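Here is a briefing on one protein model. Look over the structure first, then read the points by topic.

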Amino acid sequence: MALAINVNDFAALTPVGGIARVDGNSGPPVAVYHSGVDTYEAFSMTCPHAGTTVNIQGSGFRCPNHGATFAATGVWTGGQKTSNLYVLTTVYDPATGILDKLESLPPSAVTVASPPDQRSMPRSASWPPPPG
């Protein structure tokens, strides 16, 4: 799935710290977090525990199914034990406001999966691991 958005189209992304769902409610759910002046992070909104779509709640995310909570950075913070939200690769152009080239979601982000506990893994790690 490739997704290009103009961050200026989402009022919630105006302030640093803002979070918005940006997939238009079609296809796999994707959220963007405004992490710095010219930086954004994107996440799958699919809970890694049981595949439920997480909700944006306050300054983070919460799974309505089993209560897992995640920081705005996608890191698991409590509730049902699970891994972090899947981080999507982005490229941001501050001149145009376009956040582009979100990588494809892994199969585990759109189907029920049981990944290993990733809280101790570096944020650059991903599930599932690359083949090979």
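Buried means a relative accessible area under 20%. By that cut-off Cys63 is buried, because its relative accessibility is 1%. The model is predicted. The protein chain holds one helix and eleven strands.

**Overall make-up**

- Along the sequence, the elements of the protein chain follow the pattern β-β-β-β-β-β-β-β-β-β-β-α.
- The protein chain has 132 residues, and 39% of them are buried.
- The accessible surface of the protein chain is about 6600 Å². Carbon and sulfur atoms own 54% of that surface.
- Take the contacts in the protein chain with a separation of 6 or more: 41% of them join residues 24 or more positions apart.

- Strand E3 (residues 30-36) and E4 run antiparallel and are joined by six bridges.
- E3 and E4 make a hairpin, with two residues between them.
- Gly36 has Thr39 in E4 as its bridge partner.
- E4 also pairs with strand E9 (residues 87-88), again antiparallel. Two bridges make up this pairing.
- Ala42 stands opposite Leu88 in E9. Phe43 has Val87 in E9 as its bridge partner.

**Strand E4 and its cover**

- How many of the six residues in strand E4 (residues 39-44) are buried? Five are, so the strand is mostly covered by the under 20% cut-off.
- Phe43 lies in strand E4. The relative accessible area of Phe43 is 0%, so Phe43 is buried.
- In a regular strand, side chains alternate between the two faces of the sheet.

**Aromatic pairs**

- The whole structure contains two aromatic pairs.
- One of them is Phe43 with Phe61: the ring centres are 6.3 Å apart and the planes stand at 65°, so the pair is edge-to-face.
- Phe43 is in strand E4 and Phe61 is in strand E6 (residues 60-62), so the pair ties together parts 18 residues apart in sequence.
- Phe61 counts as buried, because its relative accessibility is 2%.

**Cysteines**

- How many disulfides does the structure have? The count is zero.
- A disulfide is a covalent bond between the sulfur atoms of two cysteines.
- The cut-off is a sulfur pair within 2.5 Å.
- Seen from Cys63, the closest cysteine sulfur is that of Cys47, at 3.9 Å.
- Cys47 is buried, at 1% relative accessibility. Cys63 is buried at 1% too.

**Salt bridge**

- A search of the whole structure gives one salt bridge.
- Asp23 and Arg21 form a salt bridge. Their closest N and O atoms are 2.7 Å apart.
- Is Asp23 buried or exposed? Asp23 is buried, with a relative accessible area of 7%.
- Arg21 is partly exposed, with a relative accessible area of 30%.

**Ser59 in its loop**

- Ser59 sits in the loop between strand E5 (55-57) and E6.
- Ser59 is exposed, because its relative accessible area is 60% and exposed means over 50%.
- Leaving out residues up to four places away in sequence, Ser59 touches Ile19, Ala71 and Ala72.
- Ser59 and Phe70 are eleven residues apart along the chain, and their C-alpha atoms are separated by 9.1 Å.

Conventions:
Residues numbered from 1 in each chain as written. Predicted model: local features only at pLDDT ≥ 70, side-chain atom pairs only at ≥ 80, totals over all residues. Heavy atoms only, no water. Buried < 20%, exposed > 50% of the residue type's maximum accessible area, 1.4 Å probe, protein only. Helix = DSSP H or I, 4+ residues; strand = E, 2+ residues; numbered from the N terminus. Pairing = 2+ DSSP bridges. Salt bridge = Lys/Arg side-chain N within 4 Å of Asp/Glu carboxyl O. Contact = heavy atoms within 4.5 Å. Areas by Shrake-Rupley, 256 points an atom, 1.4 Å probe, with all protein chains shown as cover. Phe/Tyr/Trp six-rings, centres within 6.5 Å; stacked < 30°, edge-to-face > 60°.
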